[in-house]
Amino acid sequence: AVKTLLILQNPYIRPVITLNLLHPIKSVPIQTWKFNSEPVIRIGRSGDNDVILYSSVVSRYHVELYHH
């Protein structure tokens, strides 16, 4: 079966993007970041990222999320 997700957006309301860092065992948020429709959110260890994660398994510039 094919499922379709329809998202209706009001052009006058800026969407808020919420990112949660989850506890590895309990799966509960331990840190939250909110962004107001930025075109790019950068995540990594380097201090010039939007979300900075201090972990040896995360690269300096780990991922970029694009909002279209």
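The following legends describe close-up views of a predicted model of one protein chain.

In this predicted model, local features are reported only at a pLDDT of at least 70 and side-chain atom pairs only at pLDDT 80 or more, whereas totals for chains, interfaces and linings use all residues. Residues are numbered from 1 along each chain as its sequence is written, and side-chain values use heavy atoms, with hydrogens and water left out.

**View 1. The chain as a whole and the confidence of its elements.** The protein chain has 0 helices and 5 strands, where helices (H or I, at least four residues) and strands (E, at least two) are DSSP runs numbered from the N terminus. From the N terminus on, the order of elements is therefore written β-β-β-β-β. The mean pLDDT of the chain is 83, and 78% of the residues score at least 70; pLDDT is the predictor's confidence in each residue, on a scale from 0 to 100. Of the 68 residues, 18% are buried, a class defined by under 20% relative accessible area, with exposed meaning over 50% and partly exposed the range in between (1.4 Å probe, protein chains only). The chain exposes about 6,000 Å², of which carbon and sulfur atoms supply 57%; accessible areas come from the Shrake-Rupley method with a 1.4 Å probe, and for residues only the protein chains shown count as cover. Among contacts (heavy atoms within 4.5 Å) between residues at least 6 apart in sequence, 17% join residues at least 24 apart.

View 2. Strands S1 and S2 pair in the antiparallel sense over 7 bridges, pairing being assigned if DSSP finds at least two bridges between two strands. Within the loop between S1 and S2 lies Ser-27, whose phi is near 55°, a positive value in a residue other than glycine. Most residues other than glycine have a negative phi.

**View 3. His-23 in the loop between S1 and S2.** His-23 lies in the loop between S1 and S2 and is partly exposed, with a relative accessible area of 25%. Its side chain reaches the backbone nitrogen of Ile-25 at 3.0 Å, which is listed as a polar contact, that is, a pair of N or O atoms within 3.5 Å; within protein, one must be able to donate a hydrogen and the other to accept it, and residues adjacent in sequence count only if both atoms are side-chain atoms. Leaving aside neighbours within four places in sequence, His-23 is in contact with Val-28 and Ile-30.

**View 4. The open sheet of three strands.** An open sheet is formed by 3 strands in the order S4-S3-S5, with mixed pairing. The edge strands are S4 and strand S5 (63-66), each of which pairs on one side only. S3 and S4 run parallel and are joined by 2 bridges, and Ile-43 stands opposite Val-51 in S4.

**View 5. The largest nonpolar core.** The largest nonpolar core consists of 8 residues, namely Leu-19, Trp-33, Phe-35, Ile-41, Ile-43, Val-51, Leu-53 and Val-58. Strand S2 (29-36) and strand S3 (40-44) are the elements that give two or more residues to this core. A nonpolar core is here a set of buried Ala, Val, Leu, Ile, Met, Phe, Trp, Tyr and Cys residues joined through side-chain atoms within 4.5 Å. Not counting residues up to four places away in sequence, Ile-41 touches Ile-17, Leu-19, Phe-35, Asp-50, Val-51, Val-63, Glu-64 and Leu-65.

View 6. Asn-49 lies in the loop between S3 and S4 and is buried, with a relative accessible area of 7%. A polar atom of the Asn-49 side chain lies 3.0 Å from the backbone oxygen of Ser-46, and a polar atom of that side chain lies 2.8 Å from the backbone oxygen of Arg-60. Ser-46 is found in the loop between S3 and S4 and counts as buried at 16% relative accessibility. The side chain of Ser-46 makes a polar contact with the side chain of Tyr-61 at 3.2 Å. Not counting residues up to four places away in sequence, Asn-49 touches Arg-42, Ile-43, Gly-44, Arg-60 and Tyr-61, while Ser-46 touches Ile-52, Arg-60 and Tyr-61.
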